[in-house]
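Here is my note on the charged pairs and on one helix. Please read it with the model open.

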Amino acid sequence: GQAGASTMALALATAAGPARVVECCSATSSGLGTAVTAELGHTATGWRLGRREQVEILRAGAVHCSVADVPAPDHQAGPEPVVTVLDIGWDLGQVLATPGWIQQQVTTAEQLVLVTTASVPGVRRLEVAATVLGPRRCVAVVVGAGRRWRSSSSVATGPSIRAVENAGRLALIPTDRALTRYGVTADPLPPELLRTAKGILHHCQTSDTAQKGQSQ
């Protein structure tokens, strides 16, 4: 929470467009409520549907007390978007311990994007998450890190973060004062954030192609 994961999810979808973001958290924790420019009502399973340029945004339409309460997204009648980004929004331990569609998506995804802050607690959480999920399929985004920041400069760095960094899957994003103060609004996202998102998408697509080639 408050690390910028929802903002990064929206940036990935914006960079990929046309795309869809599914914000999986409870309605009480939504970070994308002010991101839409048009509200399109509710889906059959209770999701709130909104749009922002080429990005479709699904947000919880109710309060969910656990991951198990979150309904699966509705299938679209029209063509599927190029990319669907899941903004998980739950504690990782709870996600992995709760059988359901979210757990399945997290455990089977070939690429996962982890977002944290450039602080000792943030880096410590990143190390735990990357270890549990497997550093080979993780891309890490550190928000608030200067260009000279290196994982070796943090006392919380462990082998999983070093493996992610050595593989070129560590992205650094400076703090954006407007986003920190106001959160995501209908205003355009910062160009540097979108450039980072495009780089992550390119890496994920390249990695997926390489993995499929190795499996053939």
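The points below take the salt bridges first, then helix α5 and its surroundings.

1. Basis. This is a predicted model, in which local features need pLDDT of at least 70, side-chain atom pairs count only at pLDDT 80 or more, and totals for chains, interfaces and linings use all residues. Residues are numbered from 1 along each chain as its sequence is written, and side-chain values use heavy atoms, with hydrogens and water left out.

2. Salt-bridge count. The rule asks for a side-chain nitrogen of Lys or Arg within 4 Å of a carboxyl oxygen of Asp or Glu. The count is 3 salt bridges. As background, side chains of opposite charge can pair when their charged atoms come close.

3. The network. Salt bridges link Glu39, Arg48 and Arg59 in a network. Arg48 pairs with Glu39 at 3.4 Å, N to O. Glu39 also bridges to Arg59, with the closest N and O atoms 3.2 Å apart. Glu39 sits in strand β2 (residues 38-42) and Arg59 in strand β4 (residues 55-59), so this pair ties together parts that are 20 residues apart in sequence. Strands here are DSSP runs of E, at least two residues; helices are runs of H or I, at least four residues; both are numbered from the N terminus.

4. Buried means under 20% relative accessible area, exposed over 50%, and partly exposed in between (1.4 Å probe, protein chains only). Arg59 is buried, at 4%. Glu39 is partly exposed at 41%, and Arg48 is partly exposed at 31%.

5. The other pair. Arg51 and Glu56 form a salt bridge through their side chains at 3.8 Å, N to O. Arg51 is partly exposed at 31% relative accessibility. Glu56 is buried at 11%.

6. Which residues of α5 are buried? In this helix (residues 159-166) they are Ser160, Ile161 and Val164. Seen down the axis of α5, the buried residues fall within an arc of 95°, so they line one face of the helix. The arc is that of the directions from the helix axis to the C-beta atoms. In general, an α-helix has 3.6 residues a turn, so residues three or four places apart point the same way.

7. Pro159 and Asn166 are exposed, on the face of α5 turned away from its buried side. Just after α5, Gly168 has a positive phi of about 75°.
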